[in-house]
Amino acid sequence: MLNRLIEWSIRNRLLVLLATAFLIGTGIWAVRTTPVDAIPDLSDVQVIVQTEWAEQAPQIIEDQVTYPLTTALLAVPGATTVRGISSFGISYVYVLFDDGTDPYWARTRVLEYLSQVSEQLPDGVVPQLGPDATGVGWVYQYTLESDRHDLVELRSLQDFFVRYQLQSVAGVSEVATVGGHVQQYQVEVDPQRLHGYGLTVQRVSDAIRMANSDVGARVLELSGREYMVRGLGYLTNIEDIENVVLTAGMDGTPVRVSDVAQVQLGPDIRRGAADKNGRGDVVTGIVVMRHGENALEVIDAVKDRIAQIQAGLPEGVRVVDAYDRAPLIRAAIHNLQAKLGEELLLVALITALFLLHIRSSLVAAVTLPIAILMSFIVMRLIGVQANIMSMGGIAIAIGAMIDAAVVMVENLHKHLEREPDPITTQRRWEIVAYASKEVGPALFFSLLVITVSFLPVFALEAQEGRLFAPLAFTKTYAMAAAAGLSVTLVPVLMGYLVRGRIPPEHANPLNRALTRAYEPVLDALLRHPRGTLALAVAALLLGAVPAMRLGGEFMPPLDEGSLLYLPTALPGLSAGKAAELLQQTDRMLKTVPEVAHVFGKAGRADTATDPAP
């Protein structure tokens, strides 16, 4: 069958070349559109349910929110683990699914079960789904900096302008905020005045809430008469809140909020603080990428949008990078391209040195990148991301991928050496077909054996499977592509490129020197087979000793140029003290000469992907 395929390829050379051109074009498209990141995504398929219940203690949150949600979500189809976290005023429930589960299918199932449990939750408590992102979705962070505007103004600018602009960028799931001060209207009630008018704090809260609504109405009794008071629209300043009517006094005079409380502007309770270079609190935005998107494209699109909105920001306000994964991604891509180029050049050089024929070396040099492009096509179609592990699979396969082309070219050289000059075109193609059929099937199956040897990697599960599966996939695709090309394209390329004067093997001084070096060793080893096997066993045993002492690391090391320092503190640490320690730590780290800048965060950002206390 393989021999017939080789003969068919040689007879239909034009079709083979046209199909190759099509594969090259499709491969270039796949390279440009395959999602790219520097690191593999090892996170589980999960859906985060975030529920806020302001000013409630963690134990109350646990009993009335987290527990009902976790018990209800245990029945979600495909869910393997349900975890709950209860903090002050907020609850997180993480629903983990089987590997391979579509994340949007999982979100739909969780929503169905949330609708069933909503009646068991306290009034006004509404659970929400977190962003459709993964654990490596924090691809870009920035700070809003200005010498003319305070933290309140910068936080408002981030929350009501910059955040919405960046959330509309394709591929962005969420833009979270941390740092600065959220401005709020604070109503400080005087208990004695409140008691004197016979009112409660709940009455004040309800009245302000009603006045801040443009719908609804309530009945207010003044001097024995009932008045219908409708919502007045949103309250816009302190005076509006002070004039909200609570009830009627003894003489029929309306009792307003200003009679029982003091209204002022102040900062909201902070759940997180950020610092840069130890200079103090800053306002920060975190861009969370949507699941399955191209990290490099998302980062570039976010930067383009920031450049567009920069002109619309108040004078003196700057958007400055705090963390950017794009340089790491580009460095990984550049490193892969450089290594592939070096390997291609090395293959062509070695082939030319041993065969003393430049055009023969082009067969291997042309076949190798085409096989790589074919592996990218399969990666793009099945959704395998391009990262250091998947690209590593291609790099590992290159040595074996090139064997078939080199052996077939050398075998053709042997046959052409025996042919008397001149060789006609028809006779040349006959020799190419015979030489290809002589070694082609064996080389094809040898490549398949190497391909099958990686199949056990696919049995790995959980994080190990997600780490090594891309490497195994891409190596398998590359080897399979090389095997297919060895019996289709390689014979055609040999017929076109292996022409001219073919020097015999013994005419190459390098071949003569190596032959004189290895033949005596080979003869000695074959004359003493038992000693040869004993040497092999001894080498295996000696190699086991250092292998057991090497140590190991789960993730490959990356020279990103960024270090993560993660200190911990006691739970009772106040927000002010945490911000102070954060600033002191950043200031000390900035004194290290090699440090370009330090960005620190204490507490959590306003996102379900950050459950930090």
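## Helices H11 and H12

In this predicted model, Leu-340, Leu-344, Val-347, Ala-348, Thr-351, Ala-352 and Leu-355 of H11 meet Ile-358, Ser-360, Ser-361, Ala-364, Ala-365, Leu-368, Pro-369 and Ile-372 of H12. Contact means heavy atoms within 4.5 Å. By class, this contact has 12 nonpolar, 3 polar and no charged residues. Ala, Val, Leu, Ile, Met, Phe, Trp, Tyr, Cys and Pro count as nonpolar; Asp, Glu, Lys and Arg count as charged; the others, Gly among them, are polar.

Two packed helices are described by the angle between their axes and the distance between the axes. Helix H11 covers residues 326-355, and its axis comes within 8 Å of that of H12, crossing at roughly 155 degrees. That makes H11 roughly antiparallel to H12. Angles under 35 degrees count as roughly parallel, over 145 as roughly antiparallel, 65 to 115 as roughly perpendicular and the rest as oblique. Axes are lines fitted to C-alpha atoms, for helices over the stretch in contact, and angles run from 0 to 180 degrees between N-to-C directions. The crossing of H11 and H12 is right-handed. A crossing is right-handed if the near helix is turned clockwise from the far one by less than a right angle, and left-handed if anticlockwise. Helices (H or I, at least four residues) and strands (E, at least two) are DSSP runs, numbered from the N terminus.

## How the model is read

Residues are numbered from 1 along each chain as its sequence is written, and side-chain values use heavy atoms, with hydrogens and water left out. The model is predicted: local features need pLDDT of at least 70, side-chain atom pairs count only at pLDDT 80 or more, and totals for chains, interfaces and linings use all residues.

The mean pLDDT of the protein is 83. This score is the predictor's confidence in each residue, from 0 to 100. A pLDDT of 70 or more is reached by 95% of the residues. Over residues 215-232, pLDDT stays under 50. For that stretch the model has 42 contacts beyond four places in sequence.

## H11 and H13

H11 also packs with helix H13 (residues 388-418). Their axes are 11 Å apart, at an angle of about 15 degrees. That makes H11 roughly parallel to H13. H11 passes H13 in a right-handed crossing.

On the H11 side, the contact uses Ala-332, Leu-336, Leu-340, Glu-343, Val-347, Thr-351 and Leu-355. H13 brings residues including Ile-388, Met-391, Ala-395 and His-413. The contact residues divide into 12 nonpolar, 2 polar and 2 charged.

## H12 and H16

Helix H12 (residues 358-382) packs with helix H16 (residues 489-497) too. Their axes come within 9 Å and cross at roughly 150 degrees. The two are therefore roughly antiparallel to each other. The crossing of H12 past H16 is right-handed.

H12 supplies Arg-359, Leu-362, Val-363, Val-366, Thr-367 and Ile-370. H16 supplies Leu-489, Val-490, Leu-493, Met-494 and Leu-497. These residues divide into 9 nonpolar, 1 polar and 1 charged.

## The sheet S2-S3-S1-S4

4 strands form an open sheet in the order S2-S3-S1-S4, with antiparallel pairing. Two strands pair if DSSP finds at least two bridges between them. Strands S2 (79-87) and S4 (128-129) stand at the edges, each with a single partner strand, so one side of each has no neighbour in the sheet. S2 and S3 (residues 90-97) pair over 8 bridges. Ser-87 has Ile-90 in S3 as its bridge partner.

Helix H3 (residues 58-73) packs on this sheet and touches S1 (45-52), S2 and S3. Its direction makes about 170 degrees with that of S2. Helix H4 (residues 103-117) lies across S1, S3 and S4, at about 35 degrees to S1. Glu-55 lies in the loop between S1 and H3. Its phi is near 60 degrees, a positive value in a residue other than glycine.

## The sheet S6-S14-S5-S15

Another open sheet of 4 strands has the order S6-S14-S5-S15, again antiparallel. S6 (172-178) and S15 (318-324) stand at the edges with a single partner strand each, so one side of each is left without a neighbour in the sheet. The twist averages 25 degrees from one strand to the next.

Helix H5 (residues 151-167) packs on the sheet, touching S5, S6 and S14 (283-289). The direction of H5 makes about 175 degrees with that of S6. S5 (residues 138-145) and S15 pair over 6 bridges. Leu-144 has Val-319 in S15 as its bridge partner.
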